[in-house]
Amino acid sequence: MFRLYVVLILAAELAALTLIRPLVPDLVVYLLAPLVPLTLVAAIILHSRPAALSYRSWRLSPERIVKYRETCEKTISPEEISRSIVERATEIRRALSGSPSEVQIEMCALGYRACANDMITLTHMINEEYPRAGFLRRLKLRRARGRATDALASARRALPPGALRATRQEQQ
């Protein structure tokens, strides 16, 4: 749609320059002629920014977030899930390394649960892909599972005892 608008604007400018030429001196036409390439340059610049501009004005809703995650899960590879688990587990360990508050501990426990759910997904994906995979792919899958397992285990060791029991909200 954007391209159609740009083509229509450029066609209108060229038609206006063609129609105005016999009516005004050549100097005015030569002064107005750079408008056509400037319009094209402005359109190219503006076309690269609509994602950022629309993102600012776009309001997120839980439905859109869930739909986005559903579309993303279809294209995520086991390596990407493993990388995500490792990153979150590292952040959990980092957050718990100091003297965390009770809220931080609960948030880390929730993050750990999300990592555990992703680990189940990762294991399921690897189990489906493993029989059809070649030798190198099997090595990559094993390495991805091993990294995720090690990271999840170290995050579990960082959690204080009893942190994974039901949170205050779940107890009520």
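Helices (H or I, at least four residues) and strands (E, at least two) are DSSP runs, numbered from the N terminus. This is a predicted model, in which local features need pLDDT of at least 70, side-chain atom pairs count only at pLDDT 80 or more, and totals for chains, interfaces and linings use all residues. Residues are numbered from 1 along each chain as its sequence is written, and side-chain values use heavy atoms, with hydrogens and water left out.

**Exercise 1. Fold and confidence**

Solution: 
- Step 1. Count the elements. The protein has nine helices and zero strands.
- Step 2. Check the overall confidence. pLDDT is the predictor's confidence in each residue, from 0 to 100. Its mean here is 81, and 81% of the residues reach 70 or more.
- Step 3. Apply the caution. Where pLDDT is low, predicted coordinates should not be read in detail.

**Exercise 2. The nonpolar cores**

Task: Name the residues that touch the most other members of the largest nonpolar core, and say which helix gives the most to this core.

Solution: 
- Step 1. Buried means under 20% relative accessible area, exposed over 50%, partly exposed in between (1.4 Å probe, protein chains only). A nonpolar core is a set of buried Ala, Val, Leu, Ile, Met, Phe, Trp, Tyr and Cys residues joined through side-chain atoms within 4.5 Å.
- Step 2. The largest core has 19 residues, and I85, I92, Y112, M119, L122 and L159 touch the most other members.
- Step 3. Assign the core to helices. Helix 6 (78–96), helix 7 (102–129) and helix 8 each supply at least two residues. Helix 7 gives the most, with six.
- Step 4. Look for another core. A second, separate one has five residues, including V6, L10, L17 and V36.
- Step 5. Of the 172 residues of the protein, 21% count as buried.

**Exercise 3. Contacts across the chain**

Solution: 
- Step 1. Define contact: heavy atoms within 4.5 Å.
- Step 2. Move to L152, in helix 8. L152 is buried because its relative accessibility is 9%. L152 and E87 lie 65 residues apart in sequence, with their C-alpha atoms 10.0 Å apart.
- Step 3. Take S82, in helix 6. S82 has a relative accessible area of 4%, so S82 is buried.
- Step 4. Take I105, in helix 7. I105 is partly exposed, at 22%. I105 and A163 are 58 residues apart along the chain, and 6.9 Å separates their C-alpha atoms.
- Step 5. Widen the view. Among contacts in the protein with a separation of 6 or more, 71% are between residues 24 or more positions apart.

**Exercise 4. A serine in helix 8**

Task: Decide whether S154 is buried or exposed.

Solution: 
- Step 1. S154 is found in helix 8.
- Step 2. Read the area. S154 is buried because its relative accessible area is 15%.
- Step 3. S154 and I92 are 62 residues apart in sequence, and their C-alpha atoms are 9.5 Å apart.

**Exercise 5. Cysteines and rings**

Task: State how many disulfides the whole structure holds, and which residue lies over the face of Y130.

Solution: 
- Step 1. Apply the disulfide rule: a pair of cysteine sulfur atoms within 2.5 Å. The search finds zero.
- Step 2. Check burial of two cysteines. C108 is buried, at 7%. C115 is buried too, at 0%.
- Step 3. R138 lies over the face of Y130, 4.8 Å from the ring centre.

Terms used:
A charge sits over a ring if NZ of Lys or CZ of Arg is within 6 Å of the ring centre and within 35 degrees of the ring normal.
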